[in-house]
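Okay, thanks for having me on the agenda. Let me put the model up on the screen, and then I'll talk you through it.

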Amino acid sequence: MGNSVVDTRRITILVASETGNSLDVGEALESSIAAFCPKLRLIEAVDYDLDELEREDILLMVTSTQGEGEPPYGAEDLYDAVVMGKREFSLRQVSFAVLGLGDSAYAENYNLMARQFDARYEQLGATRLLAHGECDFDYEDTAARWVDTVTVLLRHELGAEKNEAVSVREPVAKQGPTEKAALHGTCAKATLVGRELLSSPEARKHVYRVRLRLSDDADYLPGDLLAITYRNADDTVKSFIEHVFTNDNEQVSSELRHTLQNSRDITRTTPRLILRYAEVFGNERLQSEIGDDEWLREYAALHPPYALFTDYPARIRVTPESVLEVFSAPCRRMYSISNIRESSDGLVDLTVRKVEYTFDGRRQVGECSRMLTQAPVGSTMDYAVLSNERFRLPASQSAEIVMIALGSAIAPYRAFLQERSLHHASFGRNWLIVGNKSPEEDYLYRTELEQYADSGLLRELSVAWSRCGDAPEHVQDVIIARGDMLWQLIQSGAFIYLCGHGRAAVRSIEQALRRVVEEHSSLSEAEIVAYMDRLRSTNHLCY
């Protein structure tokens with residue numbers, strides 16, 4: 001290159017990725033920097049040699065946050081060594097920048113890994129190149145801007161600018177579902193081949209088994225996810241436009257309708273969406289509300305996105321550009337795969353709860369669940385398989401497992417049980433604890449589960465009925481009532497899996513597990529905290 005500064009500086013892009021999104025961003029960053037920096041490498045956290053950390057020159061980290069504020073699978077050793085301080089480092093010769101990928105639905109744990117690594121690198125003496133970045137569920141545009149900002153900064157830092165006129169490009173709005181989704185795995189076409197109503201027709205919430213035929217080369221393991229790309233229906237787009245643009249419909253071009261219909265999530269409210277709305281449209285009353293995390297979670301859970309425009313009117317004129325700036329998330333949803341590949345005959349089962357509710361007298365729907373439960377058999381849709389390394393069966397066939405689920409979140413456990421049924425004689429004890437409303441309403445996969453119990457594959461099948469009989473019961477009640485047995489299993493090294501809809505429900509179940517430890521051990525408060533952390537870090541408590 002003929003530039004001694006550029007030729008001598010070294011850049012490492014360190015990626016901590018669970019589903020592959022952080023890896024995709026890391027690869028985009030690598031491609032952007034490679035044009036002017038010859039000494040550049042990209043490495044995943046699972047392969048990173050901790051002895052090299054003190055010898056880094058410029059360290060760029062892209063990390064996701066998992067579950068209740070945990071490092072991605074494979075990044076546990078890096079997290080323990082750096083953030084938890086289990087090794088001593090001096091990073092006075094290192095410059096760094098951190099980007100986080102997260103989901104604001106997790107409130108205080110949103111992008112926790114990025115914040116913790118960023119703060120810890122500085123504490124260890126490293127020089128921050130720029131403030132850490134935080135991406136939400138809809139991460140693509142924010143990540144692209146961060147990559148461009150870092151690229152411009154490094155051109156200057158390494159003296160690679162010369163006389164170039166370098167500017168940060170604006171992200172290009174997505175035009176439709178034909179684009180490659182930024183997921184780990186190849187997007188392909190799935191065909192809808194059938195569905196079965198698992199819940200009672202009279203149930204308030206309908207749950208279906210949806211069967212899809214994937215491409216011949218599709219590969220997956222129990223615990224993996226399927227990301228489905230959907231299209232917003234005409235009535236959803238019409239209602240959204242009516243609430244957002246009110247009487248200013250001359251702005252609503254066919255191009256905008258196409259974008260809203262095909263490449264914008266306009267039905268999912270998240271705390272991050274509310275914050276972005278407040279930032280763009282500047283309603284003062286909303287600005288005063290958003291400091292309360294509990295309020296953010298509650299509003300997001302109870303309101304469709306368009307309600308923001310009526311509850312907190314914009315202080316500036318609403319334009320197509322400003323709306324697309326707020327609503328940047330792609331049209332996709334993720335579902336646990338409910339069967340194993342070996343017995344699938346090329347088909348994948350999803351357990352889909354149809355999302356329907358009434359707000360302000362209007363029927364609201366979840367667009368992806370509507371598509372999966374109403375589209376004609378033979379319909380096709382885009383999908384990608386997401387590897388979920390953290391939510392895996394134990395490597396040892398003799399390991400005991402406890403599977404805890406709420407309602408349709410039983411989905412991945414059906415695949416677990418199918419996998420273990422192939423090697424029934426050699427597998428350890430399996431215990432399923434599931435919460436439903438009543439045997440008549442939503443006993444999902446009843447026949448299969450009872451057959452597994454009769455065969456002995458399920459040594460314990462505990463179903464909590466929340467709306468049945470004179471003594472309603474919840475999953476938490478079962479956990480506490482069977483605390484003796486659960487504690488024995490935990491002590492013997494059993495793996496505990498926890499799957500539910502909504503952060504509050506998952507947290508309440510985790511609190512019940514913590515109570516079991518409190519009641520059946522002599523550990524102090526601090527020791528219990530450390531014990532629960534150890535269960536999570538060793539993957540003996542999986543979300």
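I'll go through salt bridges, then aromatic rings, then cavities.

Quick housekeeping. This is a predicted model, so to speak of a local feature I need pLDDT of at least 70, and side-chain atom pairs count only at pLDDT 80 or more, while totals for chains, interfaces and linings use all residues. Residues are numbered from 1 along each chain as its sequence is written, and side-chain values use heavy atoms, with hydrogens and water left out.

Searching the whole structure turns up 34 of them. Take Glu52 and Arg41, whose side chains meet at 2.5 Å, N to O. Arg41 sits in strand β2, and Glu52 is in the loop between β2 (40-44) and β3 (58-64), so to say 11 residues apart.

How accessible are Glu52 and Arg41? Glu52 is partly exposed at 22% relative accessibility, and Arg41 is partly exposed too, at 27%. My cut-offs are under 20% relative accessible area for buried, over 50% for exposed and partly exposed in between, with a 1.4 Å probe and protein chains only.

Now look at Asp51, which has a salt bridge to Arg87, with the closest N and O atoms 2.9 Å apart. Asp51 is in the loop between β2 and β3 and Arg87 in the loop between α3 (76-82) and β4 (95-101), so this pair ties together parts 36 residues apart in sequence. Arg87 comes out partly exposed at 34%, and Asp51 is partly exposed at 43%.

Further along, Arg514 and Glu525 meet in a salt bridge at 2.3 Å, N to O. Arg514 is partly exposed at 23%, whereas Glu525 counts as exposed at 52%. There's also a network, where salt bridges with shared partners join Glu196, Arg209, Arg211, Asp349, Arg414 and Glu448.

On to the rings. Phe, Tyr and Trp rings (the six-membered one for Trp) pair if their centres lie within 6.5 Å; planes under 30 degrees apart are stacked, over 60 edge-to-face, and the rest tilted. The whole structure has 19 aromatic pairs. One cluster is made of Phe240, Tyr277, Phe281, Phe309 and Phe327.

Phe327 brings us to the cavities, as it is among the residues lining the largest one. A cavity is a set of points on a 1 Å grid over the protein atoms alone where a 1.4 Å probe fits but cannot get out, and lining residues have an atom within 4 Å of a point. There are two of 30 Å³ or more.

What lines the largest cavity? Besides Phe327, the lining includes Asp136, Asp138, Asp265, Arg268 and Arg276. The space inside is about 90 Å³, and the lining splits into four nonpolar, two polar and five charged residues.

The second largest cavity has about 30 Å³. Its lining is Ile490, Ile496, Leu513, Val517, Met532, Leu535 and Leu541, with α19 and α20 each giving two or more residues. By class that's seven nonpolar, no polar and no charged. That's it from me.

Key. Salt bridge = Lys/Arg side-chain N within 4 Å of Asp/Glu carboxyl O. Helix = DSSP H or I, 4+ residues; strand = E, 2+ residues; numbered from the N terminus. 1 Å grid on protein atoms, 1.4 Å probe; cavity = no way out; pocket = protein on both sides within 12 Å on 5 of 7 lines; lining within 4 Å. Points joined across faces, edges and corners; volume = space filled by probe spheres on them. Nonpolar A, V, L, I, M, F, W, Y, C, P; charged D, E, K, R; others polar.
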